[in-house]
Each structure stands twice: as structure tokens, then as C-alpha cells.
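Welcome! Please take a moment with the sequence and the 3D view, and then we can walk through them together.

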Amino acid sequence: MLINNETIIKDNDPLMRSKSKVVKLPLSKEDRDILLDMLKYVEESINPELAESKNLRPAVGISAIQIGIPKRMTAIRFYDVDKNGDEILHEYCLVNPKIVSRSTQKAYLENGEGCLSVVEEHKGHVVRNARITVEGYDFLRDEYITIRARGYLAIVLQHELDHFEGILFYDYIDKNDPFKEIENALVI
């Protein structure tokens with residue numbers, strides 16, 4: 001399946017506000033191929049030469065609804081640094097993931113969020129939970145997994161899982177005070 005900036009569904013399409021359906025397991029060949037294509041997009045999108053030649057916008061995640069498939073599937077891939085300063089790769093092809101717990105502490109990205117489906121810039125704090133626990137099937141590991149996420153990974157997961165509910169990141173920005181300070185929030 002060809003995934004690029006032209007084929008990704010934009011936020012003005014009503015499909016982006018629809019709820020995605022639970023995916024039947026074991027995965028069909030079609031669903032496995034879709035997940036691998038989404039993961040390939042994310043991986044290639046951060047390579048400047050590939051991104052330019054294939055018309056890709058940089059991404060750390062993509063959900064199936066963004067390519068017109070209303071299923072609860074998402075691919076996430078990015079490098080981060082652990083508490084010891086070592087580089088780690090977060091790479092998942094999640095199916096039917098759900099958040100099972102959330103911290104009361106809030107978090108947001110200092111420079112705001114973006115989305116492959118959102119062309120216009122939306123400035124402001126996108127307030128989310130600082131820590132979450134997600135459970136779901138990971139196609140790459142071929143098993144059900146539990147992800148205890150903090151900081152950037154928690155924000156990425158919440159962003160992608162919101163797509164399953166038809167929620168976009170800018171829905172969280174306070175329209176009256178977009179840069180309102182959030183007490184005790186983790187600023188990333």
C-alpha cells in the first residue's frame with residue numbers, strides 16, 4: 001500500500017472523527033501487511049533523502065485511520081534516551097491497544113504536537129497524562145504486551161490511541177489560553 005503525504009487522510013475528512021473498530025485476531029495477511037507498511041512509513045519518514053523522494057512527512061507514529069482504514073492498529077517507531085543516558089528504540093505495531101491506567105500528573109511537549117493528518121499549525125499546550133500503562137497485542141513481538149510509558153513515549157501513545165476515538169491533538173488545546181501553565185506538569 002502506498003502511504004505518503006498525498007494518501008494520508010487529512011483532518012477535514014469526516015473519517016478522521018470516526019471511531020475505529022476492534023481488529024480480529026489472529027491477524028489477517030491484509031492487516032499484517034498494513035501494519036508493516038505503516039511501520040515502513042514511520043521508519044523512512046525520518047530519513048531526509050527518502051522522505052523527500054517519496055513525499056513523506058516526518059513521523060514517530062501513524063494509525064490505520066490515517067490511511068483510511070478504521071481499525072485499531074498503530075505503528076510507532078522512534079529513538080529515545082533511557083534514564084542512564086543510553087539510546088533505546090521504541091518500536092511497536094500495536095493492535096487493539098488500550099490505556100489501562102493513567103497518572104494524575106500531566107505532561108505536554110514544550111513545542112506542541114503535530115500530526116500527519118493536520119496540515120495547519122495549532123499552537124498551544126496539548127495536556128496529557130505524564131505516565132500511562134497500555135496493554136495490547138504487538139505484531140512485531142507476536143504477543144500481548146504491557147507498556148509502562150512515561151514522558152515522550154506516553155505522549156506518543158496517547159496521541160495515536162486518540163485517533164481510534166476520532167480525537168485530534170488540538171482538541172486538547174485550551175482555546176482561551178493555549179499556553180496556560182499547568183501546575184506540576186512534566187514539560188518535555
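A disulfide is a pair of cysteine sulfur atoms within 2.5 Å. Please keep in mind that this is a predicted model. A search of the whole structure finds 0 disulfides.

Cys93 is buried, since its relative accessible area is 0%. Cys115 counts as buried too, because its relative accessibility is 7%.

## A hairpin and its partner

Let us turn to the strands. Strands of a sheet pair through backbone hydrogen bonds, either parallel or antiparallel. Strand β1 (residues 61-63) runs antiparallel to strand β2 (residues 73-81), and 3 bridges join them. Within this pairing, Ile62 stands opposite Ala75 in β2.

β2 is also joined to strand β3 (residues 87-102), again running antiparallel, by 9 bridges. Here Val81 faces Glu87 in β3, standing opposite it. The hairpin of β2 and β3 has 5 residues between the strands, and Gly85 there takes a positive phi near 85°.

## An open sheet

What is the order of the strands in the open sheet of 3 strands? The order is β5-β4-β8, and the pairing is mixed. β5 (128-129) and β8 (186-187) stand at the edges with a single partner strand each, so one side of each is left without a neighbour in the sheet.

Strand β4 (residues 106-108) pairs with β5 in the antiparallel sense, over 2 bridges. In this pair, Lys106 stands opposite Asn129 in β5.

Tyr92 has its place in strand β3. Is Tyr92 buried or exposed? Tyr92 counts as buried, because its relative accessibility is 9%, and the cut-off for buried is under 20%.

Tyr92 and Phe139 are 47 residues apart along the chain, yet their C-alpha atoms are separated by 7.5 Å. Leaving aside neighbours within four places in sequence, Tyr92 is in contact with residues including Leu39, Thr74, Asp138, Arg141 and Leu153.

In soluble globular proteins, nonpolar side chains tend to be buried together. The largest nonpolar core here has 24 residues, of which Leu35, Met38, Tyr41, Ile62 and Met73 touch the most other members. At least two residues of this core come from each of α1 (29-45), β2 and β3. The largest share, 6 residues, is supplied by α1.

Apart from neighbours within four places in sequence, Tyr41 is in contact with Ile3, Asn4, Ile8, Leu56, Arg57, Ala59 and Leu116. A second, separate core has 15 residues, among them Ile76, Leu94, Ile145 and Ala149.

## The largest pocket

Rolling a probe the size of a water molecule over the atoms shows where empty space is left. About 390 Å³ of space lies in the largest pocket. Its lining is made of 18 residues, of which Val60, Glu113, Gly114, Cys115 and Tyr152 lie nearest the centre.

Which helix gives the largest share of the lining of the largest pocket? Helix α3 (residues 152-163) does, with 6 residues.

Technical notes:
Residues are numbered from 1 along each chain as its sequence is written. This is a predicted model: local features need pLDDT of at least 70, side-chain atom pairs count only at pLDDT 80 or more; totals for chains, interfaces and linings use all residues. Side-chain values use heavy atoms; hydrogens and water are left out. Two strands pair if DSSP finds at least two bridges between them. Helices (H or I, at least four residues) and strands (E, at least two) are DSSP runs, numbered from the N terminus. Buried means under 20% relative accessible area, exposed over 50%, partly exposed in between (1.4 Å probe, protein chains only). Contact means heavy atoms within 4.5 Å. A nonpolar core is a set of buried Ala, Val, Leu, Ile, Met, Phe, Trp, Tyr and Cys residues joined through side-chain atoms within 4.5 Å. On a 1 Å grid over the protein atoms alone, a cavity is a set of points where a 1.4 Å probe fits but cannot get out, and a pocket is an open set with protein on both sides within 12 Å along at least five of seven lines; lining residues have an atom within 4 Å of a point. Grid points are joined across faces, edges and corners, and a volume is the space filled by probe spheres set on the points.
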